[in-house]
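Reader: I am new to this structure and would like to learn how to read it. Please take me through some of its features.

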Amino acid sequence: MNERTRDDSPAAAPEEQPAAASAAATAGSRRPQAPVRRPSSRRRFIRSAFLIGGVLGLAMLGYVPVAGAQRTRLRPPGALEESDFLASCIKCGQCVQVCPVAAIRLDDIDSGFGIGVPWIDARAQACDFSCDAVQCILACPTGSLTYHKPAALATRPGMPLARAPLLKAKEKDAEPTLNLAERMGVARLSRPDSCLAVQGKGFRGQARGADFRGRLRYVERDRWRPVAVRDHPYERDLCNLCVSECPIGDAITMLATVAADGRRQYQPQVLEQCVGCGVCEMICPVDPAAIVIDARQPWAI
Amino acid sequence: MSASERLRVMFGAAPLKPERVTPAAQQVHQLKRMTKADFEALKQHARDHQLVNHKWRNRRWAVLLLVNLLFTFSFWLDIQMLEGSLTASRFVGFHLIDLNSALQVMLAHRHVIVNLFIGTATVFVLWVALGGRSFCSWVCPYHIVAEWFEWLHLKLAARKLVSDHEFHRGARSVLWFAFALLAVLSGYTVFETISPTGILSRALIYGPSLALGWVLLLLLFEVLYSRRAWCRYVCPIGMTYGMVGAVSPLRVEYRLEHCFHEGDCRKVCLVPHVLDVVIKGRAADLKTPIGPDCTRCGLCVDVCPSGALVFDIKGLNRLL
């Protein structure tokens, strides 16, 4: 402790004052006095100012990745608009813990203010709504993921869904829709040239190879437990995995047209009910995927 | 020391000597007046008969590890006891939300949903009961890691290879307000970006991250430059829980009559300014509660050879 105060208390014992004592001892001598060595409070003050500046500066560095918007992360379903999402997320990871297919992961410190914030790498593991009730929204303690966005919070046109999305797995249930008001993003056939359907090709085998760890719910195999994609090989004369595996009703369809030379041509077409879950991107057997999710993008004709 | 004086000291002011000393305490101070040689002999005698024990440290480490592992295993083994991480979690379904994280989110987002409020209120009541900054020493994973690295710092310092550079404790108050202000102005939970508590807690549950590199840098800074710098001069979480602890009945109490003023407690303490009262002649009364900045870690209770520092629950003595 170098925070000494003047001794003016009657009860204080004459202890713990080495500096004062030595000053008194040398006061009578004629020799020039060496300055009494006391911890410099000025130096400490400057040091502390640097500490404050350094800590705040380092913390504010977190703004760089956010301002640069280098990453347009796909957020879990029900996420608020990005700036509201980063502000309200408490970085606890409860959404990660409840996801039955482990689609949600947390961002690292290189995302700055986005540290500990959940996102989905759709190509590796998409959200297939295996949980039925959108468990991550239920788990979120701060309303970052929400069923009902408060009116005061921003909503971009094209983000709200026209109607509640129909979950194919629950088609026969009394309540077959998902409680989801806005889309996470929207799918787009970004590489039509590499799309097997566009080329008129079929597909046989494991959609993503033997090493792929992603899982999907195949209702006909198991209503409640997702199955590894590699354990569910396909056999299609015309590849339509993005259409058949889409968990949402009326979100994507295979458009068939007849060309001038009379040949039939196919192309997957994304519809307005697309919620942007990413299953089509995950299951697409070509590499890189022909169909991708434009994260956090609105529906636009 | 009055309650307001204890708060002032927590915010960064130097402890003052008491203006009024009770007659009983004055008498004890009088009786302790003696020659330097006698005083040294007395201190030596107390030290010689000290029974070295780490009772409270061991209990605390056990609790800290247990709490953090409960988070980890709740997820890994899916036992669902304590889901989430230290910033926010659910204990068998009940929302628990870290007070400083809640503050950052509330200030940045300005929209408080019911679950957020319930979780924050629950944790507030919990830590009022349990002693505020006891969160730091009994739960925070950075605390225990920093404690281990502090041992390294002290070893190096003893060999004069490094020395402890003190900062002004007011820096933490400035940073607390600065981070609150930044949350309001920027609309981001700025502090969470560098919070080693959040980073370590998430790393323990969700696996290692690059952010651990930042935590390691902090620990190196503490070993090489300034002892326990983050907890002492920076962490706004400690400040938030300190304010909660100001009204807590659970605290360490100093008993003047038992004290030989060796000062060992101040050497092991994370926040030695709260133990200013143990300096010979400083105590204003026979019993003094230690201030809200105290983390209730119990190192002083363990180290005191004469039982002058004990855990105490205010009002309990009157009840019993």
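Predicted model: local features only at pLDDT ≥ 70, side-chain atom pairs only at ≥ 80, totals over all residues.

Reader: How many helices and strands does chain A have?

Author: Helices (H or I, at least four residues) and strands (E, at least two) are DSSP runs, numbered from the N terminus. Chain A has eight helices and 10 strands.

Reader: How do I read the sheet in chain B, and which strands stand at its edges?

Author: Strands of a sheet pair through backbone hydrogen bonds, either parallel or antiparallel. Here two strands count as paired if DSSP finds at least two bridges between them. In chain B, three strands form an open sheet in the order β1-β2-β3, with antiparallel pairing. β1 (82-85) and β3 (94-97) of chain B are at the edges; each has a single partner strand, so one side of each is left without a neighbour in the sheet. Strand β2 (residues 88-91) of chain B is joined to β3(B) by four bridges, and Ser89(B) stands opposite Leu96(B) in β3(B).

Reader: How is chain B divided into domains?

Author: The bounds come from an automatic or database domain assignment. Domain 1 of chain B covers 3-51 + 249-319, and domain 2 covers 57-243. Their centres, taken over C-alpha atoms, are separated by 28 Å. Residues are in contact if their C-beta atoms, placed from the backbone, lie within 7 Å. By that rule, 17 residues from domain 1 of chain B and 18 residues from domain 2 of chain B take part in the contact.

Reader: Is Arg169(B) buried or exposed?

Author: A residue is buried if 20 or more other C-beta atoms lie within 10 Å of its own, exposed if 12 or fewer, and partly exposed in between. Arg169(B) is buried, because 20 other C-beta atoms lie within 10 Å. Arg169(B) sits in the loop between α8 (141-158) and α9 (170-186) of chain B. Leaving aside neighbours within four places in sequence, Arg169(B) is in contact with Gly12(B), Arg232(B), Tyr233(B) and His273(B).

Reader: How many residues does each chain bring to the contact between chains A and B?

Author: Chain B gives 59 residues and chain A gives 47 residues.

Key:
Residues numbered from 1 in each chain as written. Chains lettered and ligands numbered in written order. Contact = placed C-beta atoms within 7 Å.
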